[in-house]
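Good morning. Please have a look at the model on the screen, and then I will go through its side chains.

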Amino acid sequence: MTYWGWFFIVIGWATIIGLSVYCFSRVLLAKKKKEVLEISGTGRAQWASRIGLILAMAGNAIGLGNFLRFPVKAAANGGGAFMIPYFCALIFLGVPLMWVEWTIGRYGGVHGHGTTPGMFSLMWKNKAAKYIGALGISMPFVIVVYYNFIESWTLGYAWFSATGKYFGKTNMEAMNTFLKTFQGAADNATFSSMIPILIFIVIALSLNYFFLYRGLSKGIEVLAKIGMPVLFVFGVILAIRVLTMGTPDPSLPEQNVVNGLAFIWNPDFSKLTQSGVWLAAAGQIFFTLSLGQGIINTYASYLREKDDVTLNGLTTSMTNEFAEVILGGTIAIPLAVTFFGLAGTQQIASEGAFNLGFVALPTIFQKIPLGQLFGAMWFFLLFIAGITSSVAMTSPAVAFLEDEFKWKRSKAVNVVFSVMAISTFFVVAFFKFGFLDELDFWAGTLGLVLFATIEIIIFSWIFGVKKGWQEMHHGADLKIPRIFKFIIQYVTPVYMLVVLGFWIYQEAIDKFLMKGEAAVRHPYLWGARGLFLVLILLTLWMVRIAWKSKKEEKEYAEAVKEIETVK
């Protein structure tokens, strides 16, 4: 570890821990407001407690990417130097957008709208607003269709770790085969059919259904209050175990945990001149905070008019950063370096986050004392991160049916899960042909950036930053420095437009033309695009029906009033 490596790790950790302690102390010491739970004046559910709200928001943000995607991105983009553009993106993109989405969500909820079609139509008096807002329902729904499949892997691997199912497959090749056969992407004697993966998918979907069906305070909030503390306890235990790993093989003294931390934190300043590093940092901040998905808006819509959004939003961001930078940056990559060395870890990281989490780490767990226990903790941690996110991703669709069609929650959840189950079937059936990756790019990458760009422009320039700033500070427990008013109006929109433009230029065109894809996969990739389009069109159609119904109801009410006036 170099001097600059220690400098970046100390500054990074100290900043995040300091801000996390500050935010939570302010939240816990804040004057408690009268809590009117479960049903508000608009007839909508409300959070049972402030800490439950923050944990649920953090659960939405903290996902698989915190523990797998972040360390891979950091290691590949300059190590400690990556943290410079990373924190720049956090300040100029992440936190401002977090505040904006909390504010839009509360504003919409006060007026009876829990999703972005209604929120955008309030902020922008244009017929197109509600249809643009439909992306805040369809995008997270498309993502959760394949995210639940990945979530089921973590649950399956938690079980396989606890039972020692994969123990004995002590090299990367054997573990890679184990993963592919479990996913249904290859044939092997270990899994003679897809029944095991289907069992874990059913369990994962059933748990999602259970928490959503029970509602906001009795379901989603309970999941967050139990799940998030367990996640952090497991994460801290695993981080401590890694930090005390030392040098497992004395004959290979360079393979130690300090060099593992150095792999992430030692800066390569030459990387700062590369635009790709800045884009990678912006992308990581964007995805890790779950921005541009309409989820934060929906969760914030269950606030009351004078409930704080500024301190809550910052606390959510810092909770996520603690999980990502401190826990995520301490477990996977440093552990890989201690067992596979720098060159081996570089190869592992270059092959993607799933290779690191589901192939490399299970191989390592077989080589350490209590490996089954630590393996089960690692994958159950990932499962908690997954289910708190997937429940959040499904919430906009459920809230839309409740708010705009006045359906009971039970009916809304049943309909949403029926569509989800059918859609997930295609992901599982055609996974080995790239079906999941195709959905992930168009919905989980490009679609979210596009939606967030539109969202910040509507808030800052159409609704107006002056009005938005005032709305943001209604009932605020934290006064945001005025410089952020300028950042929200100018810096964040430009930042988003640059990121969107570069991604379209660098990736979207080639992705659309399927460059580098085998011809045999083309029909399945078009099938994924077809499913993506169908789900968007279905959402647009539902939005049209809802607003047409509202218009007819309004016209009827006006006609009745006119008749009564004549009488």
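Predicted model: local features only at pLDDT ≥ 70, side-chain atom pairs only at ≥ 80, totals over all residues.

Residues are numbered from 1 along each chain as its sequence is written, and side-chain values use heavy atoms, with hydrogens and water left out.

Salt bridges come first. Side chains of opposite charge can pair when their charged atoms come close. Here, a salt bridge is a side-chain nitrogen of Lys or Arg within 4 Å of a carboxyl oxygen of Asp or Glu. How many salt bridges does the structure hold? There are twelve.

One of them joins Arg44 and Asp403, with the closest N and O atoms 3.1 Å apart. This pair links distant parts of the chain, 359 residues apart: Arg44 is in the loop between helix H1 (3–29) and helix H2 (50–61), and Asp403 is in helix H17 (residues 371–405). Helices here are DSSP runs of H or I with at least four residues, numbered from the N terminus. Arg44 and Asp403 are both buried. Buried means under 20% relative accessible area, exposed means over 50%, and partly exposed is in between, with a 1.4 Å probe and protein chains only.

Next is the salt bridge between Glu221 and Lys225, at 3.4 Å from N to O. Why are Glu221 and Lys225 separated by about one helical turn? Because they are four residues apart in helix H11 (residues 216–243). Glu221 is buried, at 1% relative accessible area, whereas Lys225, at 38%, counts as partly exposed.

Arg529 and Glu438 also meet in a salt bridge, at 2.7 Å from N to O. This pair, too, links distant parts of the chain, with Arg529 in helix H22 and Glu438 in helix H19, 91 residues apart. Arg529 counts as buried at 9% relative accessibility, and Glu438 is buried at 2%.

Now the cysteines. A disulfide is a covalent bond between the sulfur atoms of two cysteines. The rule used here is a pair of cysteine sulfur atoms within 2.5 Å. By this rule, the count is zero disulfides. Cys23 is in no disulfide, and the nearest cysteine sulfur, that of Cys88, is 19 Å away. That is too far for a bond. Cys23 is buried, at 0% relative accessible area, while Cys88 is partly exposed, at 25%.

Last, the surface. Patches are made of residues with over 30% relative accessible area and no salt bridge; like charges are joined within 9 Å, and nonpolar side chains (Val, Leu, Ile, Met, Phe, Trp, Tyr) within 5 Å. Accessible areas come from the Shrake-Rupley method with a 1.4 Å probe, and for residues only the protein chains shown count as cover.

Ile457, Trp461, Ile462, Ile483, Phe486, Tyr490 and Leu497 make a nonpolar surface patch of about 660 Å². Helix H19 (435–462) and helix H21 (483–512) are the elements that give two or more residues to this patch. Which helix gives the most? H21 does, with four residues. Ile462 lies in helix H19 and is partly exposed, at 36% relative accessibility.
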